Amino acid sequence: MTKILVSACLLGLCCRYDGKEKADERVLKLLKRDDIQLVPVCPEQLGGMETPRLPSERRGEAVVNNAGEDVTRHYKKGAAQALKTARLYGCKAAILKERSPSCGKGRIYDGTFSGTLTEGDGVTAKLLMDHGIQVFGESEAEFGSICGG
């Protein structure tokens with residue numbers, strides 16, 4: 001059985017910064033497969049942050065919320081817990097929420113809270129990739145290759 005770490009908000013859990021969910025039909029379809037086990041995580045919650053919480057964005061290596069508070073320690077703690085969860089379950093891949101300061105891969109918001117995207121990875125996405133776990137965003141059709149099509 002293929003085990004895949006997945007952002008809990010993509011499964012419809014209300015854990016986003018705004019207290020809402022962001023269910024994704026492509027990810028939800030994987031729940032119906034007998035050969036796949038999805039392991040939901042919310043790194044921000046694992047890092048001790050409340051839901052709802054102020055929006056945050058990466059500024060270089062730091063993560064700050066829109067009130068100017070440095071919340072990097074929460075993001076690092078949550079990333080470490082997500083990695084631990086992936087290892088506990090034997091996940092070799094993850095499907096994470098795009099553009100998130102925690103889960104985004106390749107493109108994230110630039111730290112100005114203006115909706116501008118820049119190249120970069122979220123804290124959790126980067127840590128997982130640094131430890132050999134494949135990371136896919138929810139729109140990447142290629143994640144089908146990790147689960148047999």
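Why are Lys126 and Asp130 separated by about one helical turn? They sit four residues apart in helix α4 (residues 123-130), so about one helical turn lies between them. A few notes follow, starting with the ground rules.

1. **Basis.** This is a predicted model, in which local features need pLDDT of at least 70 and side-chain atom pairs count only at pLDDT 80 or more, while totals for chains, interfaces and linings use all residues. Residues are numbered from 1 along each chain as its sequence is written, and side-chain values use heavy atoms, with hydrogens and water left out.

2. **Fold layout.** The protein has four helices and eight strands, taken as DSSP runs (helices H or I, at least four residues; strands E, at least two) and numbered from the N terminus. Along the sequence they run β-α-β-α-β-β-α-β-β-β-α-β. The radius of gyration is 14 Å, close to the 15 Å from the globule rule for 149 residues, so the protein is as compact as a globular protein of that length. That radius is taken over C-alpha atoms, and the rule is 2.2 Å times the number of residues to the power 0.38.

3. Of the 149 residues, 46% are buried; buried means under 20% relative accessible area, exposed over 50%, and partly exposed in between (1.4 Å probe, protein chains only). Among contacts (heavy atoms within 4.5 Å) with a separation of 6 or more, 63% join residues 24 or more positions apart.

4. **Salt bridges overall.** The whole structure holds eight salt bridges, each defined as a side-chain nitrogen of Lys or Arg within 4 Å of a carboxyl oxygen of Asp or Glu. As background, side chains of opposite charge can pair when their charged atoms come close.

5. In the salt bridge between Lys126 and Asp130, the closest N and O atoms are 3.0 Å apart. Lys126 is partly exposed at 36% relative accessible area, whereas Asp130 is exposed at 52%.

6. Lys97 and Glu138 form a salt bridge with their closest N and O atoms 2.6 Å apart. This pair links distant parts of the chain, 41 residues apart: Lys97 is in the loop between β5 (93-96) and β6 (107-109), and Glu138 is in the segment after β8 (134-137). Lys97 is buried at 8% relative accessibility, and Glu138 is buried at 5%.

7. **A partly exposed pair.** Arg33 and Asp35 also form a salt bridge, at 2.8 Å between the closest N and O atoms. Arg33 is partly exposed at 25% relative accessibility, and Asp35 is partly exposed at 36%.
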